Amino acid sequence: MLDLAGKHILLGLTGGVACYKSAELCRLLVKAGATVQVVMTEAAAQFITPVTMQALSGRPVYASQWDAREPNNMPHINLGREADAIVLAPASADFIARLVQGRSDELLSLLCLARPMERVALLVAPAMNREMWAHPATQRNLRQLDADGARVLGVGNGWQACGETGDGRMLEPAQLLEEIVAHFQPKALAGEHVVVTAGPTFEAMDPIRGITNHSSGKMGFAIARAAREAGARVTLVAGPVHQPTPRGVSRIDVLSAEQMLQAAQGAVQDATVFVATAAVADWRPADQSAHKIKKDGSGQPPVLRFVENPDILLAIARTPRAREGALFCVGFAAESENLVEHAKAKRERKGIPLLVGNIGPLTFGQDDNALLLVDAAGVRELPRAPKLQLARELVAEVAARLPRPRPAP
Ligand code: C5P
C-alpha cells in the first residue's frame, strides 16, 4: 500500500549514532510512495555520509544555508515550503534545545523556525543516552517543544550504543513510518475511545491442551491501528495471536472467552465505540483437568463435556450505555455461505447498529479481505482490499454513524 503517495517529506538528520537507522527510514518512506528531501547537520555527517542518503532518497542532500543551488539562495524557505511534513530523526538533545530556543545558525534549525506552522507539521524522533533523556533539562525542552506545536514521537527502551540500557533509543524505522503514516490520516475519531476484541480464544482442557481456531487477529489489529490513526484512544483486547501491537494502542492479552469478556467489560466503561472482531469459541470444556489428560492404555478416548461461553458482544450491546447510543457497537460475522441473510439476521439478534460480514475461509490469516456492511438502512459492500485499507474505510463508516453532538461518555 502506498500510504504516503503524493507526500513530500523533509527528513532532517542531527548528530547521533541512530543516524544509521535513518537510512532505513528513508528507504521505507520512498517505498511508501513519498518523495524525500534529506537535510543533515554537520554533526549528522559525522555518523553517516550524505552519499548514502542521496542514493536512498534519489536527491542531493542539503547541509548548508549558503547552498547556492537554490536560484534565490534561500534553501531555508524553499525546502520547508515544499514539504508536507518535517521529520527530525534522529533529533539530538542539543538540537531539541536549539529548537526550543528558536536558534537558527545552520540550515536545519533555520528551516524548522521558518516553516509555515499551520501547514507543515514538525515530527520529532529523539535519540540520546538514557541519562540525557531523563535529565530535567531535556524533559523540560520536550514539553516546550510540544507546547510550541511540534509532535514528539517518543523513544524506545533497550540497549544503547554507549553500553547502557534504558530509555532514549530512537524508535525503529518501521515504528517511525507508522507514526508518519498515521499523521496524514483524517482524524474522524478524535476524542473517542474505541475498544476492539481480536483474535481467537483458547479454551483449556488441561494445562497442556485446549481448543482454539484459525483467527489470525489481523482484521482486529488493523481496525485498532486505523482507529488510532483516526485520533481515537484505543484499547485492544487480544486473544493468543502473533501480531505486533499497533503504535499508541493499549493492548490487554487474554486467553479464554471469560477472560476476554472481563477485559472488554472493564475497557468499555468509558468507551464510545466497541468493535467485536474476535472469533470467540462458542463452547469451552466443562471441566479443566488440573493435570495433563493421559492415555490410559484402554484405547478409550476421554469424553469431553462442553458448556456455552458468554456472548461478549451481546453482553456489551445490552448494557445501558450501548442501548442509549453512548457506546456504538459493531459486530462481525464470519460465514461460509448466504452472507447477506446471515449478516442481517445476526445484526437483529445481537441488537447492534452495524454488523460487518465476511466469508470466513477467505479471510482467516489473509492480508486482504472483502466486507459487507449491514445496518438499518441496508447493505453496502467494501470490495476486496488490504485489511488496513478496509479498516480505514470501516473507521470512516463508524465515524459517520456516531450520533452528533456526541453524548458525554
Ligand atoms: O454469534 P456469532 O459468533 O456468529 O457472532 C459473531 C460476532 O459476535 C462477532 O462480532 C464476535 O466477535 C462476537 N462474539 C462475541 N462473543 C461470543 C461469540 C461471538 O463477542 N461468544
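Exposed means over 50% relative accessible area. Gln-262 therefore counts as exposed, at 62% relative accessibility. The model is predicted. Its chain has 409 residues, of which 51% are buried. The secondary structure comes to 15 helices and 19 strands. A ligand sits in the largest pocket.

**Overall build**

- The C-alpha atoms of the chain fill a box of roughly 80 × 55 × 40 Å, taken along the principal axes.
- Buried residues make up 51% of the chain.

**Ligand: polar contacts and burial**

**Ligand: the shell**

- The shell around the ligand holds 13 residues.
- Ala-276, Ala-278, Pro-310, Phe-332 and Lys-346 come nearest.
- By class, the shell divides into 7 nonpolar, 2 polar and 4 charged residues.
- Three elements each supply at least two shell residues: α11 (312-317), β16 (328-335) and α13 (339-350).
- Helix α13 gives the most, with 3 residues.

**Between the shell elements β16 and α13**

- Asn-338 is placed in the loop between β16 and α13.
- Its phi is near 45°, a positive value in a residue other than glycine.
- Asn-338 has a relative accessible area of 45%, so it counts as partly exposed, the class between 20% and 50%.

- Gln-262 is found in helix α10.
- Gln-262 and Lys-187 are 75 residues apart in sequence, and their C-alpha atoms are 30 Å apart in space.
- Val-268 lies in the loop between α10 (257-267) and β13 (273-276).
- Val-268 is buried because its relative accessibility is 7%, under the 20% cut-off.
- The C-alpha atoms of Val-268 and Leu-327 are separated by 8.0 Å, although the two residues are 59 apart along the chain.

- Pro-90 is part of strand β3.
- The peptide bond from Ala-89 to Pro-90 is cis, with omega near 0°.
- Ser-92 lies in the loop between β3 (85-91) and α4 (93-101).
- With a relative accessible area of 12%, Ser-92 falls under 20% and is therefore buried.
- A polar atom of the Ser-92 side chain lies 3.0 Å from the backbone nitrogen of Phe-95.

**Two further loop positions**

- Gly-33 is in the loop between α1 (19-31) and β2 (35-40).
- Gly-33 and Phe-47 are 14 residues apart in sequence and 26 Å apart in space, C-alpha to C-alpha.
- Asn-73 lies in the loop between α2 (50-57) and α3 (75-82).
- Phi of Asn-73 is near 60°, a positive value in a residue other than glycine.
- Asn-73 has 35% relative accessibility, so it too is partly exposed.

Methods. Residues numbered from 1 in each chain as written. Predicted model: local features only at pLDDT ≥ 70, side-chain atom pairs only at ≥ 80, totals over all residues. Heavy atoms only, no water. Near = heavy atom within 4 Å. 1 Å grid on protein atoms, 1.4 Å probe; cavity = no way out; pocket = protein on both sides within 12 Å on 5 of 7 lines; lining within 4 Å. Sits in = over half its atoms within 2 Å of the grid points. Helix = DSSP H or I, 4+ residues; strand = E, 2+ residues; numbered from the N terminus. Nonpolar A, V, L, I, M, F, W, Y, C, P; charged D, E, K, R; others polar. Buried < 20%, exposed > 50% of the residue type's maximum accessible area, 1.4 Å probe, protein only. Polar contact = N/O pair within 3.5 Å; in protein donor to acceptor, adjacent residues only side chain to side chain.
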